[in-house]
Amino acid sequence: MVFQSGNVGGGAVRFARQVVLGRWFMAFASMLILSVSGATLIFGMYSKELKSSLGYDQRTLNTLAFFKDLGYNVGILAGPINEVTPPWLGLAIGAALNLGGYLMIYLAMEGRTARPPVWLMCIYICAGTNSQSFTNTCALVTCVKNFPESRGIVLGLLKSFTGLSGAIFAQIYLAIYGDDAKSLVLLIAWLPVVVSALFGHAIRIMPHPRPSRHAGGSGKSSAATTNEAFFHFLYISIALAAYLLVMIVVQKQTSFSHPAYAVSAAALLLLLFLPLVVVVKQEYKILKALEESLREPPRVTVEQPTSLQMAPGQSTAIEEAEAAEAKQQPSSSSSCLGSCLKHMFTPPPRGEDYSIPQALVSIDMLLLFLATVCGTGATLTAIDNMGQIGQSLGYPANTVNTFVSLISIWNYAGRVTSGFASEILLARYRFPRPLMITLVLLLSCAGHLLIAFGVPQSLYFTSVIVGFCFGAQWPLVYAIISELFGLKYYSTLYNFGNVASPVGVYLLNVRVAGYLYDVEAAKQNGGTLAGGDKTCIGVQCFKKSFLIITAATAVGVLVSLVLVWRTKSFYKGDIYAKFRDASAAQDLLAGDCDSPAGQPRKDADVAESGPKAVGQAHVHAA
């Protein structure tokens with residue numbers, strides 16, 4: 001039994017401590033934190049209220065949307081801080097930024113402060129959304145480092161909860177405040193702070209557990225390393241997404257009272273905490289496996305030492321090589337600069353740990369960055385303008401909120417599908433992840449064209465396509481960065497990949513969509529927007545801009561195909577082999593060898609280990 005009858009209380013406390021300090025609880029805490037870290041995706045739910053309460057035109061509103069995306073995606077501080085400090089510190093900084101930024105926006109919308117100038121509002125929204133770069137970096141990067149062989153699954157699952165956060169916010173704010181867009185901003189200000197304070201302590205780097213030594217050489221995973229729990233998390237997240245989708249449809253068709261909203265929010269919280277059952281079950285399996293191992297007698301296998309004698313002349317050759325290397329050491333600052341530049345432009349093979357300069361000047365990174373600028377910039381432009389698109393095409397106001405919620409649901413579907421599907425296709429068929437980005441960009445072109453031509457009643461389907469494609473791109477981009485450039489500086493490189501989104505939003509949203517919308521609105525209101533109605537009605541409001549956006553996405557498709565061609569040989573190999581080799585090396589050093597005494601070892605790597613095997617005695621303290 002796991003707990004002896006005489007020590008039930010002490011055993012329960014120890015088990016509870018094991019659960020809270022375990023890797024699976026850390027994954028659960030990351031899911032909760034990220035489930036309230038996607039407030040940028042519901043900008044469309046309060047943008048109309050923001051525009052009217054502060055008297056902005058569309059271009060000013062799109063400028064705020066740009067700074068929103070700039071803060072969310074540019075982790076200039078989040079990446080380096082997470083490299084050198086524990087994750088809880090980054091989460092605390094993010095909580096402070098979130099509370100300060102969004103609270104000031106709420107007070108400005110309510111008129112409780114003097115109307116701030118546009119530049120100050122840009123700072124507020126940039127600070128508030130930059131908090132989410134801290135939570136994403138600290139939670140997501142830490143989880144990837146703790147589960148390196150399942151990074152596609154981890155990225156897809158965690159980013160899927162970020163995608164669902166928009167719909168989660170919508171349900172909670174309806175239950176607490178009712179249908180009040182200004183109060184939604186207040187909820188965004190305090191809810192992520194509370195969740196980070198409660199669960200931030202669990203986010204930390206943990207040692208990677210070795211596979212079970214009791215699998216009998218069959219290659220089976222232990223309870224600590226299996227992906228089974230992730231699939232259970234996936235099933236729960238699918239149930240959560242389905243529940244949110246049903247509630248969105250039902251709430252649109254019927255009138256809900258405030259108690260009904262409260263009941264629906266309570267059921268939502270129950271689903272959010274349901275993964276904790278999977279965590280407890282997984283930790284119980286780990287505890288049982290440990291107790292079984294302690295009841296088995298130890299086995300000892302002694303390997304014969306390998307000769308350390310060097311061939312004649314080998315010592316002299318080594319000394320000559322060392323002397324030649326010493327002569328090549330830089331003797332001045334200029335030669336040091338030349339050496340640094342040479343190092344920057346001579347990167348290691350793909351998959352090894354690049355330095356930050358090596359990754360930033362890599363052609364692969366440039367191609368991935370350009371494809372992301374085109375893809376995420378285009379889809380995010382559609383998401384940020386969904387309220388105005390629906391209004392210009394004559395959809396009712398409550399229907400526009402439905403579009404935003406649908407985008408959140410399908411954003412989730414895109415993230416979880418691309419994460420899990422790309423990992424399975426890569427493992428079974430060596431299907432390259434960059435090619436999946438190409439397919440996603442092609443699909444998004446269909447959504448942009450539906451907006452451009454204003455096909456009647458197509459905005460429902462458009463919100464599905466745009467939400468799915470926007471969500472699907474991010475797990476692929478993050479996984480490709482970790483695979484091509486290594487995990488050593490992943491916190492910084494992850495945030496560099498995020499920079500592509502605000503660049504694309506500025507070019508396509510502010511300079512294209514916002515400008516062309518205001519031009520058309522001015523035509524409809526006597527040639528000027530000064531003091532008049534700033535609303536544009538009709539298909540022509542977004543037609544030109546989304547034709548340009550479709551062309552930009554097509555350019556992204558071509559760029560991604562170049563990346564596919566450059567990395568095809570890399571993805572044909574076993575890109576996770578080094579993590580399995582590292583785990584095997586830990587087993588050797590710790591004495592994790594299941595070969596019975598007297599039988600030869602079957603691991604070719606051990607047989608070829610040479611001098612490293614001298615005097616090793618592998619002991620099973622099973």
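Select Arg-430, which lies in the loop between α18 (397-429) and α19; helices here are DSSP runs of H or I with at least four residues, numbered from the N terminus. The model is a predicted one, in which local features need pLDDT of at least 70 and side-chain atom pairs count only at pLDDT 80 or more, while totals for chains, interfaces and linings use all residues. Residues are numbered from 1 along each chain as its sequence is written, and side-chain values use heavy atoms, with hydrogens and water left out.

Arg-430 is not a glycine, yet its phi is positive, at about 55 degrees. With a relative accessibility of 33%, Arg-430 counts as partly exposed; buried means under 20% relative accessible area, exposed over 50%, and partly exposed in between, for a 1.4 Å probe and protein chains only.

Proceed to Gln-457, in the loop between α19 and α20. Gln-457 is a residue other than glycine with a positive phi, near 55 degrees. Its relative accessible area is 58%, so Gln-457 is exposed.

**Helix α20 and its aromatic residues**

Next select Trp-474 and Tyr-478, both in helix α20 (residues 459-485) and four residues apart, about one turn of the helix. Both residues are buried. Colour Phe-470, Trp-474, Tyr-478, Tyr-490 and Tyr-494 together: they form one aromatic cluster.

The bridge links distant parts of the chain, with Glu-483 in helix α20 and Arg-433 in helix α19 (residues 433-453), 50 residues apart. Both Glu-483 and Arg-433 are buried.

**Further salt bridges**

The structure holds seven salt bridges. For another, select Glu-49 and Lys-182, where the closest N and O atoms are 3.8 Å apart. Here too distant parts of the chain are linked: Glu-49 is in helix α3 (residues 43-54) and Lys-182 in helix α9 (residues 181-199), 133 residues apart. Glu-49 counts as partly exposed at 29% relative accessibility, whereas Lys-182, at 17%, counts as buried.

Now display Arg-566 with Asp-364, whose side chains meet in a salt bridge of 2.7 Å, N to O. Arg-566 belongs to helix α22 (residues 540-572) and Asp-364 to helix α16 (residues 363-384), so the pair links parts of the chain 202 residues apart. At 27% relative accessibility Arg-566 counts as partly exposed, and at 3% Asp-364 counts as buried.

**Aromatic pairs**

A search of the whole structure finds 24 aromatic pairs. Rings of Phe, Tyr and Trp (its six-membered ring) pair if their centres lie within 6.5 Å; planes under 30 degrees apart count as stacked, over 60 as edge-to-face and the rest as tilted.

Select Phe-15 and Tyr-284: the ring centres are 6.5 Å apart and the planes stand at 85 degrees, so this pair is edge-to-face. The two residues come from distant parts of the chain, Phe-15 from helix α1 (residues 8-21) and Tyr-284 from helix α12 (residues 275-295), 269 residues apart. Phe-15 counts as buried at 13% relative accessibility, while Tyr-284 is partly exposed with a relative accessible area of 37%.

Return to Trp-474 and Tyr-478 to set the other geometry beside this one. Their ring centres lie 5.4 Å apart with the planes at 25 degrees, so the pair is stacked.

**Helix α2**

Move to helix α2 (residues 23-34), where twelve residues at 1.5 Å each should span 16 Å, and the end C-alpha atoms are 17 Å apart, which agrees; the expected span is 1.5 Å times one less than the number of residues. The helix is mostly covered, with twelve of its twelve residues buried. Among them are Arg-23, Trp-24, Phe-25 and Met-26.

Zoom in on Arg-23, whose charged end sits over the ring of Trp-24, 5.9 Å from the ring centre. This description applies if NZ of Lys or CZ of Arg is within 6 Å of the ring centre and within 35 degrees of the ring normal.

**A nonpolar patch**

Finish on the surface with Leu-341, Phe-345, Leu-360 and Val-361, a nonpolar patch with about 350 Å² of accessible area together. Patches are made of residues with over 30% relative accessible area and no salt bridge, with like charges joined within 9 Å and nonpolar side chains (Val, Leu, Ile, Met, Phe, Trp, Tyr) within 5 Å. Areas come from the Shrake-Rupley method with a 1.4 Å probe, and for residues only the protein chains shown count as cover. Leu-341 counts as partly exposed, at 40% relative accessibility.

How values were computed. Salt bridge = Lys/Arg side-chain N within 4 Å of Asp/Glu carboxyl O.
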